[in-house]
Each structure stands twice: as C-alpha cells, then as structure tokens.
Amino acid sequence: MIEINGMSHQFVIGKKGKERIVPVLHHIDMRVEQGDVVAIVGRSGSGKSTLLNLISGYIRPTLGEIRVMGRTVTKLSEGEWADFRLDHFGFMFQSFQLIPSMTAFENVELPLVLKGVGLEQRKKRVNALLERVGLTEYASHYPGELSGGQQQRVSVARALVLNPPIVLADEPTGSLDSENERQLLALIGELNREHGITFLIITHDEQVAAVAHHTITLQDGQIRAQQKRGWND
Ligand SMILES: Nc1ncnc2c1ncn2[C@@H]1O[C@H](COP(=O)(O)OP(=O)(O)OP(=O)(O)O)[C@@H](O)[C@H]1O
Ligand SMILES: [Mg+2]
C-alpha cells in the first residue's frame, strides 16, 4: 500500500548565503499493507510529522522514493500530486482544522465541492457520513458550537467523504479527554474493519498504540523499532 525506500530528508533554513542544513530523517525504509492500522511513536522532534508530510506529498524527500498503491508519487508533478492526494488520502489533525465560518455540514462537504461533485450527491454523502459519526442533529452547527469530541468527529467525516483508502492522522486524540479519545479510537477501529481503510496515526498515547496492528518508533529521524501486535499474545 505504502512503500518507502531509502528515504532521507533535510530542511534548509536561514537566509541566502547563511543557510543551515537540518537533517531530519535518515534512510527510512518502511512498508504499510492495505488495512493496517499503524501507530507512529517517538519523542518530540523525532520526525513523525515530517514523515506524514512526505507521504502525503506536502514536502518532497531530499533522497529516496515513496510508492503509494503502486504509483511512485515522488515522481509526480505538484499538480498531479494534489489530485493524487485528494483521491487517496484523508487527513486528521490534533487541532481538527475545521473552517470556523462553515457549518459541520459545509466542512464535510468541502472536499466534494473541490472534486466537482453535484449538489444532490453531495447532500446524500454528507448526511450519510454525519449519521455514521453520530452528528446528524449537529449538521447546522458551526465548529465553535460543538464540543472538542464532536469537532473531531466532523473532521473524521470530512477525512472520509471522498472514500480515501488511506487516512493520515497527526495526533488525532491529542486534544481530547479520555472518554472522547476512547470513542474516536473505537470509531477508527470500526472504519478499519468495515471498509478496510488503512490508518497511519502519529501518537504520544499508549491507548492508540494499543489499538494499532503495528507500531513504528522513530528516534532521531531513524526507525528504531517496528513492532507487530500479537507476537507475544
Ligand atoms: N519546515 C521546517 N524547516 C526546518 N526544520 C523543520 C521544519 N519542519 C520540521 N523541522 C525540524 O524537523 C525536526 C522534526 O520535526 P517534526 O515536526 O517532524 O517532529 P515530530 O516528531 O512531529 O515532533 P512533535 O511530537 O513535537 O510533533 C525538528 O527538529 C524540527 O525542528
Ligand atoms: Mg509532530
């Protein structure tokens, strides 16, 4: 599903003539199979968010290759990569990243609008998803009128509205209390089992790592360990 070979990444910071190189990821090789739930763990600054941004094509690796569902995405042009991203990835963030001036319905609808889907189909799809995440009654609420857990469920619905095979999540439970976190993890588990959606989830949280099939540990920009659940139980 996702295959990374010999990938390294460094950022260049500072003014022209005074550039400084910040090496972040070193020789990353990893494989993610379809239907996997993968937890990515590691200390602050170990390169977790950078790894997801590379996989989704928001930044390009300095070295190496990324293949997603058989396509070598690192060879795509910016425009091709934008289309590929819309068709293959859903995104979730710690800060939800909902648009405050849009209702829950409109936030979920947005990717469909970008994709050029007609109004009737949009309504059907958005309503089905809001129902799936238990927010039918909140369709006309603005993000500021929703609890944190409800906002995160809106962002789950938005992440799934185009039926992506892969969801990339950067600390999705990071700002939820433990009850909302438990609910979100249960929802992710159900979506994974019902639809075979592949999840890559960055987390500091033991609970998330416990529901994942695999855990990848990053340390100083390198993969220190890859653990498969079930080896010992
Ligand atoms: N755009 C950038 N320019 C320069 N350096 C960057 C940039 N983005 C990230 N870095 C550096 O890369 C390193 C890894 O950052 P990254 O955001 O991937 O860490 P992380 O594992 O997600 O950390 P956290 O758990 O705190 O979110 C850090 O040292 C950071 O300062
Ligand atoms: Mg991060």
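The following paragraphs describe the fold of a predicted protein model and the shell around its ligand.

Residues are numbered from 1 along each chain as its sequence is written, and chains are lettered from A and ligands numbered from 1 in the order in which they are written. Because the model is predicted, local features need pLDDT of at least 70 and side-chain atom pairs count only at pLDDT 80 or more, while totals for chains, interfaces and linings use all residues.

The protein contains seven helices and ten strands. Helices (H or I, at least four residues) and strands (E, at least two) are DSSP runs, numbered from the N terminus. The radius of gyration, taken over C-alpha atoms, is 18 Å, close to the 17 Å that the globule rule gives for 233 residues, so the protein is as compact as a globular protein of that length. That rule is 2.2 Å times the number of residues to the power 0.38. Along the principal axes, the C-alpha atoms fill a box of roughly 50 × 45 × 35 Å. Of the 233 residues, 38% are buried. A residue is buried if 20 or more other C-beta atoms lie within 10 Å of its own, exposed if 12 or fewer, and partly exposed in between, with C-beta atoms placed from the backbone. Contacts require C-beta atoms, placed from the backbone, within 7 Å. Among contacts between residues at least 6 apart in sequence, 70% join residues at least 24 apart.

Strands of a sheet pair through backbone hydrogen bonds, either parallel or antiparallel. Here, two strands pair if DSSP finds at least two bridges between them. One open sheet has four strands in the order β2-β1-β4-β5, with antiparallel pairing. Its edge strands are β2 and β5 (71–72), each pairing on one side only. β4 (residues 63–68) is joined to β5 by two bridges. Arginine 67 stands opposite threonine 72 in β5. Helix α1 lies across β1, β2 and β4 and runs at about 115° to β1. Axes are lines fitted to C-alpha atoms, for helices over the stretch in contact, and angles run from 0 to 180 degrees between N-to-C directions.

Strand β8 (residues 198–202) is mostly covered, with five of its five residues buried. Thr198, Leu200 and Ile202 point one way, and Phe199 and Ile201 the other way. β8 pairs in the parallel sense with β3 (residues 37–41) over four bridges. There, valine 38 stands opposite leucine 200. Five bridges join β8 to β7 (residues 166–170), also in parallel. Alanine 169 of that pair stands opposite isoleucine 201.

In helix α3 (residues 104–114), the buried residues are Ala104, Phe105, Asn107, Val108, Glu109 and Pro111. They pack against α2 (78–88), α4 (119–132) and α5 (148–160). Just after α3, glycine 116 takes a positive phi of about 80°. Phenylalanine 84 belongs to helix α2. It has 17 C-beta neighbours inside 10 Å and so counts as partly exposed. Beyond neighbours within four places in sequence, phenylalanine 84 contacts Arg71, Val73 and Leu76.

The residues around ligand 1 are Phe11, Ile13, Val22, Val24, Gly42, Ser44, Gly45, Ser46, Gly47, Lys48, Ser49 and Thr50. A residue is near a molecule if its C-beta atom, placed from the backbone, lies within 6 Å of it. β1 (2–13), β2 (20–32) and α1 (48–55) each supply at least two residues of this shell. α1 gives the most, with three. By type, the shell divides into four nonpolar, seven polar and one charged. Ala, Val, Leu, Ile, Met, Phe, Trp, Tyr, Cys and Pro count as nonpolar, Asp, Glu, Lys and Arg as charged, and the others, Gly among them, as polar.

Methods
Contact = placed C-beta atoms within 7 Å.
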